[in-house]
Number of protein chains: 2
Amino acid sequence: MNIGKAAAASGVSAKMIRYYESIGLIPAARRTDAGYRAYTEEDVHVLRFIRRARDLGFSVEGITGLLALWHDKGRASADVKRIALEHVATLERKIRELQGMVDTLKALASHCHGDHRPDCPILADLDGPTGPGPQRTGPRQRGIGPV
Amino acid sequence: MNIGKAAAASGVSAKMIRYYESIGLIPAARRTDAGYRAYTEEDVHVLRFIRRARDLGFSVEGITGLLALWHDKGRASADVKRIALEHVATLERKIRELQGMVDTLKALASHCHGDHRPDCPILADLDGPTGPGPQRTGPRQRGIGPV
DNA sequence: GTTGACCTTCCCATCCTGTCAAGGTTTACA
DNA sequence: TGTAAACCTTGACAGGATGGGAAGGTCAAC
């Protein structure tokens, strides 16, 4: 099976399959005489596994660990569960960060007339919180980047 | 004021100040004879504004819009409010995606013994959901990337 | 005058994904 | 058989926001 077929069958783009191969997440595929990568159903199976894990927000590094356990038929389920729950904790931390932003923005917006007048507590707060107004959630922390 | 001072006073790293200048988010700073960038209190004020907006998860693009409104003393507060609420919607969409992952993972983990035995419904699901088991949240969608 | 802290520019890396280009291969069809 | 379309290959570049480091110039304190 060529890479295009494998991509369609697994839901992982051809580009990403090559990328995963280049970083060693998956072994280098067998090549045809013409140099085309050739995939088996089993390879597609692995790619689907990777795709599902990505959908659950696992990083490539996390997937590396999951794949190792997946291939290790004698693994302890505790190891898998630990990785999953650690990931849950990471996701929940991120959710709390985002929720803090949402809360702050909503509080600011609720005090904004939202009409033609220029006065706006949202800008006033960004300007430098001097008055009472809605408080920021928790201690100053690095942003989590653009969303 | 040198860039280091401005960075410390605003909470934006020197590295990022130069970057913001390079992409045009802030105007190029005046230079001393030696070529050092020189900042005023007003510049620091702007940088603090940017820093606060970043903490609220605004992208550089979003901040560009906010800065324009901030500088426009005749702006309508409705414009600011709209940007803020659009951003809230974006954040909430992201939160829902992450929460869906958390729900799925928790459901899978709750069915995992988490002991020395190799059987693990988490891997079984990633393997290819064949049985009933916890359902994925909503239609198949692109992952949101590593977290 | 020396030393250390600061500044400059430029390059590289991250992380995952997409796009484009230039060229070779396979397949389908007239 | 010829040709066109669809596929494959590698490589490069992009993005978004940030950090790190190297090589070299400048300033301030002692």
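This is a predicted model: local features need pLDDT of at least 70, side-chain atom pairs count only at pLDDT 80 or more; totals for chains, interfaces and linings use all residues.

Biologist: How do you know that chain B and chain A are related as by a two-fold rotation axis?

Modeller: Superpose them and see what it takes. A rotation of 180° with 0.0 Å of shift along its axis puts chain B on chain A, with an RMSD of 0.1 Å. The two copies are therefore related as by a two-fold rotation axis. If you want a landmark, Ile95(B) is the residue of chain B that comes closest to the rotation axis, its C-alpha being 2.9 Å away.

Biologist: And what makes you say that the copies meet through the same surface?

Modeller: Compare the two residue lists. In chain B, 100% of the interface residues are also interface residues in chain A, so the copies use the same surface. The counts are 65 residues of chain B in contact with 65 residues of chain A.

Biologist: What is the area buried between chain B and chain A, and which atoms give it?

Modeller: About 5,800 Å², with 65% coming from carbon and sulfur atoms. On the chain B side, 12% of the buried area is supplied by Arg52(B), Leu123(B) and Leu126(B), more than any other three residues give.

Biologist: Why is the pair Lys106(B) and Glu92(A) called a salt bridge?

Modeller: The cut-off is 4 Å from a side-chain nitrogen of Lys or Arg to a carboxyl oxygen of Asp or Glu. Lys106(B) and Glu92(A) have an N to O distance of 2.9 Å between their side chains, so the pair passes the 4 Å rule. Across the interface of chain B and chain A the rule finds two salt bridges. Polar contacts there come to 19 residue pairs, both residues being at pLDDT 80 or more.

Biologist: Which helices of chain B supply the side that touches chain A?

Modeller: H3 (41-55), H4 (60-71), H5 (77-110) and H6 (121-127) of chain B each supply at least two residues. H5(B) has the largest share, 21 residues. By class, that side of chain B divides into 29 nonpolar, 17 polar and 19 charged residues.

Biologist: What about Arg31(A) and Glu21(A): what makes that pair a salt bridge?

Modeller: Their N to O distance is 3.9 Å, and the limit is 4 Å, so the pair counts. This one links distant parts of the chain: Arg31(A) sits in strand S1 (residues 30-31) of chain A and Glu21(A) in helix H2 of chain A, 10 residues apart. Over all chains, the structure holds 12 salt bridges.

Biologist: On to the DNA. How many residues surround DNA strand D, and which are the closest?

Modeller: There are 22, the closest being Gly4(A), Lys15(A), Arg37(A), Lys15(B) and Tyr36(B). Of the atoms of DNA strand D that come within 4 Å of the protein, sugar and phosphate account for 70%.

Biologist: What makes Gly4(A) a polar contact of DNA strand D?

Modeller: A polar contact needs N or O atoms within 3.5 Å. A polar backbone atom of Gly4(A) is 2.4 Å from a phosphate oxygen of DNA strand D, so Gly4(A) qualifies. As for elements, H2(B) gives the most to the surface near DNA strand D, with four residues. That surface has nine nonpolar, five polar and eight charged residues.

Biologist: And DNA strand C: which residues come nearest?

Modeller: Of the 21 residues around DNA strand C, the nearest are Lys15(A), Met16(A), Tyr36(A), Gly4(B) and Arg18(B). A polar backbone atom of Gly4(B) is 2.4 Å from a phosphate oxygen of DNA strand C, and the side chain of Arg31(B) has an N or O atom 2.9 Å from a phosphate oxygen.

Technical notes: Residues are numbered from 1 along each chain as its sequence is written. Chains are lettered from A and ligands numbered from 1 in the order in which they are written. Side-chain values use heavy atoms; hydrogens and water are left out. A residue is near a molecule or strand if one of its heavy atoms lies within 4 Å of it. A polar contact is a pair of N or O atoms within 3.5 Å; within protein, one must be able to donate a hydrogen and the other to accept it, and residues adjacent in sequence count only if both atoms are side-chain atoms. Ala, Val, Leu, Ile, Met, Phe, Trp, Tyr, Cys and Pro count as nonpolar, Asp, Glu, Lys and Arg as charged, and the others, Gly among them, as polar. Contact means heavy atoms within 4.5 Å. Buried area is the accessible area (1.4 Å probe) that two parts lose on being put together, summed over both. Copies are superposed by least squares on the C-alpha atoms of residues with pLDDT of at least 70 in both.
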